[in-house]
Amino acid sequence: MDDNSTDSANSTSPVRPRSVLVVGGGPAGLVTLRNLVERSKGQFDRVLLVERRDDIGGVWYVSYPNPTTAMNKPQWPSPAYPGLVGNVIPRFLAFSEAPFPESPNHPHQPFPTLTETYQYLRDFAEPYIEQGHIQLNTEVMRIEELPDKQGWKVRVRDWSMCDDNDGMPLETEEIWDAVAVCAGYYDKPNWPDTEGLNQVRKRGLALHAKWWNGPDGYEGKKAIIIGNANSSNDIASQLAPVAQTPVYRSTRRPAAPWFPSLADSRIKNVSAIKKYILQPAEETDDGTTPEKVTVILQDGSEIKDIDVVILGTGYCPHPEFVHVLPIPADGTTNPSEIHNQTVSSTVPIMSYTTPVLPQFRRIPFLHRHILYAYNPSLAFIGAILAMTPFIVADVASTWLTLAWLGEVSYPNHINERLAFDRERIAQVAKMLEVPDTVPENEGAGDSKESSPDPPSSFVTYGFLGPGDTGNGGKGGEAEYANNLRDDIVRARPDLDAVLPTWDEEAIKARTEMYPTKYEALKWAQMHCV
């Protein structure tokens, strides 16, 4: 094949969908729906959002088992927990043209509560529910790429139809021109590959923060918490008044500045865990002692008789319901080879990545963290772990809307779209070559040994971070979002006045959120709030 033929084979026409399905009713899905409906100026024939739960809100909607719910309906609990207060101020929780309401109830706590954030999202969604753009109780089972760019076959279960279908959901299939996936990030907890952990998990002695529901039932228990990000810090603080003291918190390094927490004499920081050992149940004069856990720490010390291990170790994006046409094994990117496939030959998109390795812990082959490079009629919003996720999703989904309308351009050639993904993999791999060092006497409990440590869990594909805050956030989330914003404003200058910005003032405000959160925690502690 000559060069011209190769160029032709790798070139694809811009996508111009008429019907768009949005999957997921959390913040990313809701703002994507709004932008597709409102900022398209009616150019899409149909836009629908489906959400598997009985209300919108994503992680901000906490539901409890309902005895009237269909017997066979699965439960998808939010990883949010009672007492959760965010660490993002209202300006960064507000979508463009939809300001967050002022709250007069907690002047010393400027961070919206779980309930307030949910209510903001519910009010935002209400017009679209009334207009029929949102369909609840609808679980997406499979999204399947069709050959020859014929769209996406989507199979769903409608759990609202159980009463009319002998207690079972109604399964249907429909073809959509394009799909925006805004779900799946919090379905797959990240479990460390630590020796012995799987055995402890199987015995029910370890749980992920995803299933934390408050300290009730942990009275007098000996607990160890893994991690020092928001969830781990909150869980340790909630356990401290009721559990056996000290509550241990295992950390690999000092907490990042965006995870403030208060010192507590009842919480003892220890070094990272090297190994878990299951202690078998024992017969005593008082009866049977239940199974417990011993942990061996990296500094060589050990902690015995632990009742529960709770891991705040984050999540991996994992939209396992998305299936795409196979990519040629030799790495070629010839669309004729990809798309001349039968429908039955599709494979899970996540089969093309290895989430164990930080540089590959991502939804693969995305251009600008949004468009699936091999077929840009598939998009993902919320695929990255953002520090200001609401406004990043707002800008990203506005960019997507204009891209699908042809107002914002993206490369015609697959290899050019793939370049973004390849460059990000190489960038993270390079960062991983430099190990962190735990500073002496910091973040390692009583250990005074300073030793090389694996790179931070935030050195990963999907976390862009703050970047160089002294240089406009270069290399981080701000630069990424600003680049998308620039594309949008060139196409739609009228949006310049309403879109969020990541200028020097905004970066300063974001940076100051964290000491503000620390002061709010101190105030709450002093007033027993």
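This report walks through the nonpolar cores and the aromatic rings of the structure above.

The model is predicted, so local features need pLDDT of at least 70 and side-chain atom pairs count only at pLDDT 80 or more, while totals for chains, interfaces and linings use all residues. Residues are numbered from 1 along each chain as its sequence is written, and side-chain values use heavy atoms, leaving out hydrogens and water.

Let's start with the cores. A nonpolar core is a set of buried Ala, Val, Leu, Ile, Met, Phe, Trp, Tyr and Cys residues joined through side-chain atoms within 4.5 Å. Buried means under 20% relative accessible area, exposed over 50%, and partly exposed in between (1.4 Å probe, protein chains only). The largest core has 93 residues, and L239, I370, W399 and W404 touch the most other members. A second, separate core holds 29 residues, including V23, L48, W152 and V324.

Now the rings. Phe, Tyr and Trp rings (for Trp, the six-membered one) pair if their centres lie within 6.5 Å; planes under 30 degrees apart are stacked, over 60 edge-to-face, and the rest tilted. There are 15 aromatic pairs here, and two of them look like this:

| Pair | Centre to centre | Angle of planes | Type |
|---|---|---|---|
| W60 and F390 | 6.5 Å | 75° | edge-to-face |
| Y352 and F365 | 5.8 Å | 55° | tilted |

W60 and F390 are both buried. Y352 is partly exposed at 27% relative accessibility, whereas F365 is buried at 14%. Ring pairs also link W60, F95, F100, Y120, F124, Y128 and F390 into a cluster.
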